[in-house]
Amino acid sequence: MKDKVDDFVDWTEDKLKDAVSLLVYEAVIKPYILVMRTKGAGNKKSLSTELKTALKAASVFPSVVNLDNIRYYVNTWNHGGSGNAVTFDDEMFYNANPTFETCRELHWLLHEMTHTLQCKRVGGMVGFTRRVLGGYSKSALKEFIRNGGRGFDVDKWHDDVHIETEADCYADKYIKEFLKQMNAGRPANKQISDSSCPTARSADDCSKHSISF
Ligand SMILES: [Zn+2]
C-alpha cells in the first residue's frame, strides 16, 4: 500500500518531469521550430482537398486533428539524409518533396499525422516533449549524457522511441482504406498502386507499443 512518502516521491517525480519537459520545449524545441518556419517560409503547404476528402472518408483521424490546420514544409528539414521528416503538432517539416502520389508517401503522411494526434492527445507540445523523452530507452539516454549531447545520432535511436512504432502501426492500420479512398475518385490511368506500401510492423511489435488512442 502507498504511504505518504510514496505519494510525495511520486508527486516530486511527476513535477520534475513536467519541469524538464517544459525546459526542453522552451529552450530547445521551440527555437528549433522557429528556425524551421523561417527556413521553410516559401515551401509551406496545406493538405490538398483530395487528401482531406480521402482521410475523412477513411475515418483515419478523430476530429481532434483538424485537417484544415495541417501545414507541411517541403525540402525544409536538413538534419540527416533525405527521406526524413519531423512533426510538431500541426506542422510537418520534410527533408523531401513528397507529392503523395505513391503508397509509400501516403503511408509516410499517415505516420507524420499520427504525431499530430499524439500531440493533441497529451494536450500539446509540452506534453508531447514529455512523452518523447520518456520514450527513449536507458541506453539511448546514457549515450546522450556520456557525449554531452554531442554527436547524438537521432536516426540510430529514432525507432527506439515508442511514439515512432506507434505511428508506424497507426499508419499500417489505415493505409489500405486511405489508398482505396484516394483511388475512388480517380480515373483508371491515375490509380495509385499499392506496390510501394511499406511492410507492416508485426502485430507483436504493435501490441508491445500499445496505442492509446
Ligand atoms: Zn516519426
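Helix H2 (residues 49–57) meets helix H7 through Ala 54, Leu 55 and Ala 57, which face Phe 178, Gln 181 and Met 182 of H7. Here, two residues are in contact if their C-beta atoms, placed from the backbone, lie within 7 Å. Helices (H or I, at least four residues) are DSSP runs, numbered from the N terminus. By class, this contact has 5 nonpolar residues, 1 polar and no charged; Ala, Val, Leu, Ile, Met, Phe, Trp, Tyr, Cys and Pro count as nonpolar, Asp, Glu, Lys and Arg as charged, and the others, Gly among them, as polar. The structure is a predicted model, in which local features need pLDDT of at least 70, side-chain atom pairs count only at pLDDT 80 or more, and totals for chains, interfaces and linings use all residues. Residues are numbered from 1 along each chain as its sequence is written.

Two packed helices are described by the angle between their axes and the distance between the axes. The axes of H2 and H7 cross at roughly 130° and come within 8 Å; they are lines fitted to C-alpha atoms over the stretch in contact, with angles running from 0 to 180 degrees between N-to-C directions. H2 and H7 are therefore oblique to each other (under 35 degrees counts as roughly parallel, over 145 as roughly antiparallel, 65 to 115 as roughly perpendicular and the rest as oblique).

H7 (residues 162–184) also packs against H3 (residues 103–121), at an angle of about 125° and with the axes 7 Å apart. That makes H3 oblique to H7. The contact residues of this pair divide into 12 nonpolar, 5 polar and 2 charged. Among those taking part are Leu 106, His 107 and Leu 110 in H3, and Tyr 170, Tyr 174 and Phe 178 in H7.

Elsewhere, H1 (residues 4–39) packs with H4 (residues 125–135) at about 105°, their axes 8 Å apart. H1 and H4 are therefore roughly perpendicular to each other. Their contact includes Leu 22 and Tyr 25 of H1 and Val 126 and Leu 133 of H4, and its residues comprise 7 nonpolar, 2 polar and 2 charged.

Technical notes
Helix = DSSP H or I, 4+ residues; strand = E, 2+ residues; numbered from the N terminus.
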